[in-house]
Amino acid sequence: MTSNAINPFDAYLFDLDGTLVDTAPDLMHALNATLVHAGYEKVGIELTRLWVGHGARIMLAQAVEHQGESKLTDDQIEEYFDFFLERYGQRIAEDSRPYPGVVDSLCALSSRTRKLGVVTNKLQDLSIQLLRELDLYRFFNIVVGGDTLQVRKPEPQPILYACNELVSVPSETLFVGDSTTDVKAARAAGCPVVCMRDGYNHNTPAVELGADYVIDSFCQLL
């Protein structure tokens with residue numbers, strides 16, 4: 001359902017790409033550098049937004065398949081992935097920006113002594129680097145990346161791990177995301193879940209993702 005305001009929770013967990021930060025511009029730059037390096041054509045921002053959320057390896061594979069090429073081999077994926085990571089790390093926050101209302105909302109939640117964490121499929125080191133460069137890292141008690149555990153979202157373990165580290169009960173911890181991956185993970189972990197309307201939802205309308213609430217602004221969390 002759509003909501004104007006949501007009752008407060010003891011703890012809040014956030015997805016990163018497409019939820020806290022619009023990272024697509026810098027991801028596109030690294031993706032295009034990798035595609036050109038591998039002999040393919042560049043892609044635009046809308047396609048990049050469509051592919052974000054399942055990890056860089058899948059994004060690279062989808063970008064190549066979009067150009068009519070056959071599936072990449074595992075060795076090719078790893079080669080391109082390493083190249084992509086190098087380029088992405090060089091300018092991870094040049095054009096990426098927090099969404100409107102994110103900083104003010106995190107400030108407000110922190111002032112109310114809410115426990116805050118990030119659970120993302122982005123690699124942990126890159127997640128922390130991005131949050132630091134955007135001055136968001138100070139708000140969070142825990143950052144769980146796609147390589148922190150042996151599994152990643154939509155499996156529930158990363159969320160349950162974060163809840164354990166925050167000493168929070170899943171049913172009293174709100175997960176804020178933007179995709180079906182987030183909804184599935186939160187449901188499996190026993191967390192209520194909110195989806196941002198304009199995140200990276202892979203062309204599925206936010207109201208169809210199965211979240212408890214769909215919001216247009218972070219201020220609706222307050």
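Ring pairs join Phe 9, Tyr 12, Phe 14, Phe 140 and Phe 218 into a cluster. Rings of Phe, Tyr and Trp (its six-membered ring) pair if their centres lie within 6.5 Å; planes under 30 degrees apart count as stacked, over 60 as edge-to-face and the rest as tilted.

A word on the ground rules: this is a predicted model, where local features need pLDDT of at least 70, side-chain atom pairs count only at pLDDT 80 or more, and totals for chains, interfaces and linings use all residues. Residues are numbered from 1 along each chain as its sequence is written, and side-chain values use heavy atoms, with hydrogens and water left out.

Searching the whole structure turns up five aromatic pairs.

| Pair | Centre to centre | Angle between planes | Class |
|---|---|---|---|
| Tyr 12 and Phe 14 | 6.5 Å | 15 degrees | stacked |
| Phe 14 and Phe 218 | 5.8 Å | 20 degrees | stacked |

Phe 14 belongs to strand 1 (residues 11-14), while Phe 218 sits in the segment after strand 8 (213-215), so their pair ties together parts 204 residues apart in sequence. Strands here are DSSP runs of E with at least two residues, numbered from the N terminus.

How accessible are these rings' residues? Phe 14 is buried at 0% relative accessible area, where buried means under 20% (1.4 Å probe, protein chains only). Tyr 12 is also buried, at 1%, and Phe 218 is buried at 1%.

Methods:
Buried < 20%, exposed > 50% of the residue type's maximum accessible area, 1.4 Å probe, protein only. Helix = DSSP H or I, 4+ residues; strand = E, 2+ residues; numbered from the N terminus.
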